[in-house]
Amino acid sequence: MIDDFVRVESPTEARNPRTTQIDRVPTLAVLELINDEDQQVAGAVRAVLPRLAAAVDLAVQALREGRRVHYVGAGTSGRLGVLDAAELPPTFNVPNGWFVTHAAGGPTALLRAIEGAEDDEEAGAAEIAESAVAGDVVVGLAASGRTPYVVGALRAARRLGAATVLVTANPSAAVGAEVDAFVAVDTGPEVIAGSTRMKAGTAQKLILNAFSTAVMVRMGRTYSNLMVDLMATNAKLRGRTLEILGEATGEDQQTCARALTDAGGELKTALVAVLGGVAPTVARAALERADGHVHAALADVRRV
């Protein structure tokens, strides 16, 4: 009978000595205890930024070579991976297929917990074997660092010749020695023992936000700190493109609206056209030669 139980060795499973009275204090004090623990997460993420930078560089290399980035996770980790990937197309106009998600238990598990699915190492391996190729990057998301579904995926990825990244809240995770970038955020014991949707989940959200945004910056999807590759799919976003173009160029709204219309609604094309003083067709061609990097495209048209 005892063989059916697995004892997880991870800081996230330890009992937090600072919150032992959480069920005996007023509501405000409960929230203060939670917030006190949350305050530690950003610092823990800061400590692993060099390793995260290595993961970003792997992803940028893969995308530039026509490969893909895969997120693999179970439970909270899997949902956070899906959330991050889903937000990239409207924010950065990311092509379909650049980021692929794999959640233990499939789409059903995104809305309803299917906890047993995370124990299937073979399913994780099969998922990656069917989807990834050499040169891809597979990012495993596992608070404990031992989730069998994720471990199986990472090992299958290595066999395929894909680069591997593990994002975890367990610095002692054994599989960390097997990956190319081991991003282990030491968030320590949770407010409620084992509730990895809390500090460990917050850390994963911060890591994924930083990871994907940094990848987009390196891929030329921004100009300065402005989103210039967004998809204007609704009235709010169309208004945002107008505001961004005005911010970047210093031109009035009427001039920016005309430039956007002339560029077929393409914000980056309008931006290069206005700043470079060239026709949209010239700006578009320069962007293509520059792989979408605005600064490089501007340097190109200004040389002509």
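# Close-up views of a predicted model

**View 1. The largest nonpolar core.** The largest nonpolar core comprises 36 residues, and Y71, F99, V139, F211 and V215 are those with the most contacts inside it. At least two residues of this core come from each of the helices α1 (27-47), α2 (49-64), α3 (75-92) and α6 (199-218), and likewise from each of the strands β1 (69-73), β3 (137-141), β4 (163-168) and β5 (181-184). Helix α2 makes the greatest contribution to this core, seven residues. Apart from this core lies another, of 27 residues, which includes L242, L260, V278 and A297. The structure shown here and in the views below is a predicted model.

**View 2. The surroundings of Y71.** Y71 is among the residues with the most contacts inside the largest nonpolar core. When neighbours within four places in sequence are left aside, the residues in contact with Y71 are G81, D84, A85, F99, V100, T101, H102, V139, L141, L208, F211 and S212. Three of these partners, F99, V139 and F211, are themselves named with Y71 among the residues with the most contacts inside the core.

**View 3. The salt bridge between E37 and R18.** Nine salt bridges are present in the structure. In one of them E37 pairs with R18, and the closest N and O atoms are 2.8 Å apart. Because E37 belongs to helix α1 and R18 to the segment before α1, the pair ties together parts that are 19 residues apart in sequence. E37 is buried, with a relative accessible area of 2%, whereas R18 is partly exposed, with a relative accessible area of 45%. A network of salt bridges links R18 and E37 with K199.

**View 4. The salt bridge between R158 and D180.** R158 and D180 form a salt bridge in which the closest N and O atoms are 3.5 Å apart. This pair links distant parts of the chain, for R158 is in helix α5 (residues 148-160) and D180 is in the loop between β4 and β5, 22 residues apart. R158 counts as partly exposed, at 41% relative accessibility. D180 is partly exposed as well, with a relative accessible area of 45%.

**View 5. The surroundings of T12.** T12 is located in the segment before α1. With a relative accessibility of 0%, T12 counts as buried. The side chain of T12 is joined to that of S10 by a polar contact of 3.0 Å, and a further polar contact, of 3.5 Å, connects the side chains of T12 and E13. Which residues is T12 in contact with, leaving aside its neighbours within four places in sequence? They are A143, A169, T187, G188, E190, A193, G194, T196 and A200.

How values were computed. Residues numbered from 1 in each chain as written. Predicted model: local features only at pLDDT ≥ 70, side-chain atom pairs only at ≥ 80, totals over all residues. Heavy atoms only, no water. Core = buried A, V, L, I, M, F, W, Y, C linked by side-chain atoms within 4.5 Å. Buried < 20%, exposed > 50% of the residue type's maximum accessible area, 1.4 Å probe, protein only. Helix = DSSP H or I, 4+ residues; strand = E, 2+ residues; numbered from the N terminus. Contact = heavy atoms within 4.5 Å. Salt bridge = Lys/Arg side-chain N within 4 Å of Asp/Glu carboxyl O. Polar contact = N/O pair within 3.5 Å; in protein donor to acceptor, adjacent residues only side chain to side chain.
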